[in-house]
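Please read the following points with the sequence and the coordinates open beside them. They are meant as a colleague's remarks on selected regions.

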Amino acid sequence: MSGIKHFFDVFINSFDVFVEGFKITIYLSVASLLIAFIIGLFFAILKISNVKILQWIADAYIWLVRGTPLIVQIFVLYYGLTEIILLDKFWAGVAGLAFHSGAYIAEIIRGAIQSIDKGQTEAGRSLGMTSGLTMRRIILPQAFRRAVPSLGNQFIIGIKDSSLVSFIGMQELFGVASTQGSNNFDYLPFYLTVAVYYLIIVLVLTVLVNMLEKKMAQSD
Amino acid sequence: MSEGKEKEMIKVEKLNKSFGDLHVLKDIDLKVNESDVVVLIGASGSGKSTLLRCLNFLEIKNSGKIVIEGDQIEQETHDLNKVRERVGMVFQHFNLFPHKTVLGNIIEAPTQVKGISKEQAIKEGKLLLDKVGLGDKYNVYPSTLSGGQKQRVAIARALAMKPDVMLFDEPTSALDPELVGEVLSTMKELADDGMTMVVVTHEMGFAREVGDWVVYMHDGKIVESGIPIDLFDNPRKERTKEFLGSIL
Ligand SMILES: Nc1ncnc2c1ncn2[C@@H]1O[C@H](COP(=O)(O)OP(=O)(O)OP(=O)(O)O)[C@@H](O)[C@H]1O
Ligand SMILES: [Mg+2]
């Protein structure tokens with residue numbers, strides 16, 4: 001019982017420091033996932049283009065991301081970016097996370113685009129729409145709707161993966177937990193505390209995604 | 001058909017189309033005069049859809065000529081998107097845009113392609129919906145409509161671009177039998193209004209009643225063509241007789 005009381009004490013007393021880490025986790029996640037989404041859309045379009053070289057570029061990118069651990073990507077980009085183009089840690093972290101999630105988002109969007117019935121493209125083209133206009137107005141809106149559950153899932157993974165940038169010295173949620181744990185020589189309550197914060201973030205995001213799914217299902 | 005004076009809407013000469021090694025259209029010749037309804041019949045795989053799709057450049061021919069309103073259309077010299085604006089198409093599976101309302105489906109191309117104002121497109125779209133008997137359905141999503149209603153919306157959507165020709169690829173084949181009539185009567189009204197139409201269908205009643213010219217295709221070739229009574233009642237070719245025997 002005293003263990004549980006101790007955990008609650010730590011949880012309550014550490015609130016202020018964790019809020020700082022929480023903010024950084026949110027900034028990291030939002031920035032990296034927005035960029036990852038744009039990267040993903042870009043590479044998805046390369047993959048479905050009929051140009052072999054563009055497809056290879058997309059394949060190479062996805063292979064690189066899938067073939068190496070995220071922590072390696074983060075360190076390579078961290079040393080690469082901070083020493084060569086002098087980005088700060090935050091943006092190096094964002095770059096690493098976005099580079100990583102972008103590949104998975106590209107595959108999700110590509111799959112969603114390819115799952116849309118070819119008749120949709122034909123209908124658009126038969127009305128005189130160009131292929132670009134058909135993609136933008138007809139295919140992508142339907143593909144995004146269909147991709148909402150998978151994208152939501154990928155965003156959740158992205159948020160949890162952002163904990164790895166603590167290894168380049170970011171004091172986001174996990175970084176705060178590690179620092180507090182070692183400063184107080186008392187690890188478990190701080191790691192339990194940080195778990196609770198992640199659970200709350202993921203819960204909120206899950207509810208949002210479910211609401212979005214319901215809303216979009218109405219028109220289908 | 002009266003001879004000579006009529007305006008040639010579509011002329012096809014020696015049209016060939018292959019998919020890889022598969023030679024699907026073989027030296028097709030076809031003429032469609034303004035306001036005529038040409039009906040394409042033939043067994044599955046004979047190339048009817050491919051022919052229609054070549055006419056609207058969803059498929060690109062390998063050789064031969066396609067002349068639309070006196071204009072020989074080539075991929076190299078023409079903006080095919082512009083040509084498609086003039087040639088409307090209705091598909092077997094409707095292909096309505098599920099993320100847009102009925103009216104949204106109809107105004108999409110006029111506003112996005114032709115740059116017509118939204119107000120104007122809505123006004124015209126509602127008139128078209130009245131015409132196909134769906135004036136009260138403008139604000140619903142396609143998923144709430146029956147097949148027959150969907151197909152009538154698809155017809156209105158194609159008409160919204162004010163095409164000179166309408167192509168129909170088995171417009172009633174995906175419908176429950178009781179819904180076929182409403183679509184055919186919409187098409188008949190369109191023909192009565194003077195629309196030039198090329199229709200692939202298995203509805204021989206429609207072909208007889210509304211068709212001006214019937215074309216029988218087999219294995220990528222036109223075997224025989226003629227006015228409906230001649231082709232249906234006095235087919236000259238053995239193949240045509242066999243085919244008509246198999247479906248009637
Ligand atoms: N995109 C394509 N790639 C390869 N082969 C194709 C393609 N489209 C059609 N074909 C082939 O061309 C031939 C003619 O097909 P088409 O769809 O024009 O026939 P159809 O007369 O419309 O038949 P149905 O009555 O079944 O619709 C068929 O053998 C078909 O498999
Ligand atoms: Mg067909």
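**Notes on the predicted model**

1. Ile84(A) is exposed, because its relative accessible area is 69% and the cut-off for that class is over 50%. This residue has its place in helix α4 of chain A, which covers residues 70-84. The model is a predicted one, and the points below should be read accordingly.

2. Ile84(A) also belongs to a nonpolar patch on the surface, whose other members are Val30(A), Leu34(A), Ile35(A), Ile85(A), Leu87(A) and Trp91(A). Together these residues have about 680 Å² of accessible area. Which helix gives the most to the patch? That is helix α2 of chain A, residues 15-48, which contributes three residues.

3. In chain B, helix α1 spans residues 48-55 and is mostly covered, with seven of its eight residues counted as buried. The buried residues are Lys48(B), Thr50(B), Leu51(B), Leu52(B), Arg53(B), Cys54(B) and Leu55(B). Just after this helix, Phe57(B) adopts a positive phi of about 65°, a backbone value that a reader may wish to look at in the display.

4. Ligand 1 has a shell that includes Phe19(B), Leu22(B), Val24(B) and Glu170(B), together with the run formed by Ala43(B), Ser44(B), Gly45(B), Ser46(B), Gly47(B), Lys48(B), Ser49(B) and Thr50(B). By class, the shell divides into four nonpolar, six polar and two charged residues. Both β2 (22-33) and α1 of chain B supply at least two residues each, and α1(B) gives the most, with three.

5. A polar side-chain atom of Ser44(B) lies 2.6 Å from an oxygen atom of the ligand, while for Gly47(B) a backbone N or O atom is 3.0 Å from a ligand oxygen. In the case of Thr50(B), an N or O atom of the side chain is 2.5 Å from an oxygen atom of ligand 1. Taken alone, ligand 1 exposes 630 Å², and the protein buries 60% of that area.

6. A polar atom of the Gln149(B) side chain lies 3.0 Å from the backbone nitrogen of Ser146(B).

Methods:
Residues are numbered from 1 along each chain as its sequence is written. Chains are lettered from A and ligands numbered from 1 in the order in which they are written. This is a predicted model: local features need pLDDT of at least 70, side-chain atom pairs count only at pLDDT 80 or more; totals for chains, interfaces and linings use all residues. Side-chain values use heavy atoms; hydrogens and water are left out. Buried means under 20% relative accessible area, exposed over 50%, partly exposed in between (1.4 Å probe, protein chains only). Helices (H or I, at least four residues) and strands (E, at least two) are DSSP runs, numbered from the N terminus. A residue is near a molecule or strand if one of its heavy atoms lies within 4 Å of it. A polar contact is a pair of N or O atoms within 3.5 Å; within protein, one must be able to donate a hydrogen and the other to accept it, and residues adjacent in sequence count only if both atoms are side-chain atoms. Accessible areas come from the Shrake-Rupley method with a 1.4 Å probe; for residues, only the protein chains shown count as cover. Ala, Val, Leu, Ile, Met, Phe, Trp, Tyr, Cys and Pro count as nonpolar, Asp, Glu, Lys and Arg as charged, and the others, Gly among them, as polar. Patches are made of residues with over 30% relative accessible area and no salt bridge: like charges are joined within 9 Å, nonpolar side chains (Val, Leu, Ile, Met, Phe, Trp, Tyr) within 5 Å. A salt bridge is a side-chain nitrogen of Lys or Arg within 4 Å of a carboxyl oxygen of Asp or Glu.
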